[in-house]
Amino acid sequence: MALKATIFKASLAVADMSRHHYQDYNLTLAQHPSETTERMMLRLLAFALCAHEDLTFGKGISDDDEAAVYRQNLTGDYQLWIELGLPEEKRLRRASHKTEQLLLVAYGGTAVDKWYSSEQKALSQLKNLTIVAVSPGDTAELAKLCDRTMQLQCTINEGQVWFGNAAQSVQVQLQFIQQSNPALLASE
């Protein structure tokens with residue numbers, strides 16, 4: 001018998017001073033049985049970093065042909081494709097051809113550096129790819145914010161990200177590895 005996804009509800013207030021974007025979102029996230037809490041919360045962080053009324057969560061790790069988070073225009077063309085983890089260069093290249101902007105939120109500690117060292121030459125040719133890394137400590141702290149029903153706030157200002165609820169706040173330090181469009185995630 002197949003395991004079912006666990007459903008989470010999140011009320012997310014985003015205050016992105018870098019992009020002058022202030023909006024509240026009521027979101028539903030489905031956590032695939034093989035998805036960790038850390039990865040699911042990184043999907044939520046990615047949503048907050050690029051918050052937009054047309055931003056949508058993908059089907060998750062159960063669908064190889066879909067982004068973790070994405071935004072399409074009215075004609076169905078991808079404007080933003082967000083991946084998580086350390087995907088193969090081939091997957092990022094395919095996604096790069098499908099979208100205007102491609103964002104990778106990499107995580108995994110020292111594995112990120114090793115992965116990028118081996119893939120850097122090929123990835124630097126993807127002119128619409130931005131890569132940011134999140135430390136294992138920050139992903140663990142984000143996971144502590146997880147609850148079946150979440151009331152969260154995310155404040156972004158000059159490259160600093162604070163994510164929290166009424167009880168605790170986490171400062172997430174984004175490490176910019178490759179940046180194609182400074183406006184996508186304002187780092188300064």
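View 1. The helices (H or I, at least four residues) and strands (E, at least two) are DSSP runs, numbered from the N terminus. Keep in mind that this is a predicted model: local features need pLDDT of at least 70, side-chain atom pairs count only at pLDDT 80 or more, and totals for chains, interfaces and linings use all residues. Residues are numbered from 1 along each chain as its sequence is written, and side-chain values use heavy atoms, with hydrogens and water left out.

**View 2. Ten strands make up an open sheet.** Follow the order β2-β1-β8-β9-β10-β7-β6-β5-β4-β3, and you'll find mixed pairing; two strands pair if DSSP finds at least two bridges between them. At the edges stand β2 (21-31) and β3 (55-57), each with a single partner strand, so one side of each has no neighbour in the sheet. From one strand to the next, the twist averages 25°. Zoom in on β8 (residues 149-157) and β9 (residues 160-164): they run antiparallel and are joined by five bridges. In this pair, Ile156 stands opposite Val161 in β9.

**View 3. Helix α2 packs on the sheet.** Helix α2 (residues 89-98) touches β5 (78-84) and β6 (99-107), and its direction makes about 150° with that of β6. Contact means heavy atoms within 4.5 Å. The buried residues of α2 are Glu89, Arg91, Leu92, Ala95 and Ser96. Looking down the axis of α2, these fall within an arc of 155°, so they line one face of the helix; the arc is that of the directions from the helix axis to the C-beta atoms. Their cover includes β5, β6 and α3 (110-123). Ser96 counts as buried because its relative accessibility is 11% (buried means under 20% relative accessible area, exposed over 50%, partly exposed in between, with a 1.4 Å probe and protein chains only). The side chain of Ser96 also makes a polar contact with the side chain of Asn128, at 2.6 Å. A polar contact is a pair of N or O atoms within 3.5 Å; within protein, one must be able to donate a hydrogen and the other to accept it, and residues adjacent in sequence count only if both atoms are side-chain atoms.

**View 4. Trp81 sits in strand β5.** With a relative accessible area of 3%, Trp81 is buried. Leaving aside neighbours within four places in sequence, its contacts include Ala67, Ala95 and Leu102. The side chain of Trp81 makes a polar contact with that of Glu83 (2.7 Å).

**View 5. Phe163 belongs to the largest nonpolar core.** Of the 42 residues here, Leu12, Met41, Leu44 and Phe163 touch the most other members. A nonpolar core is a set of buried Ala, Val, Leu, Ile, Met, Phe, Trp, Tyr and Cys residues joined through side-chain atoms within 4.5 Å. Helix α1 (residues 37-49) gives the largest share of this core, nine residues. Apart from this core lies another, of 17 residues, among them Ala67, Val112, Leu129 and Ala133.

**View 6. Arg148 is in the loop between α4 and β8.** Arg148 counts as partly exposed, at 48% relative accessibility. The side chain of Arg148 reaches the backbone oxygen of Ile7 at 2.9 Å.

Note on methods: Axes are lines fitted to C-alpha atoms, for helices over the stretch in contact, and angles run from 0 to 180 degrees between N-to-C directions.
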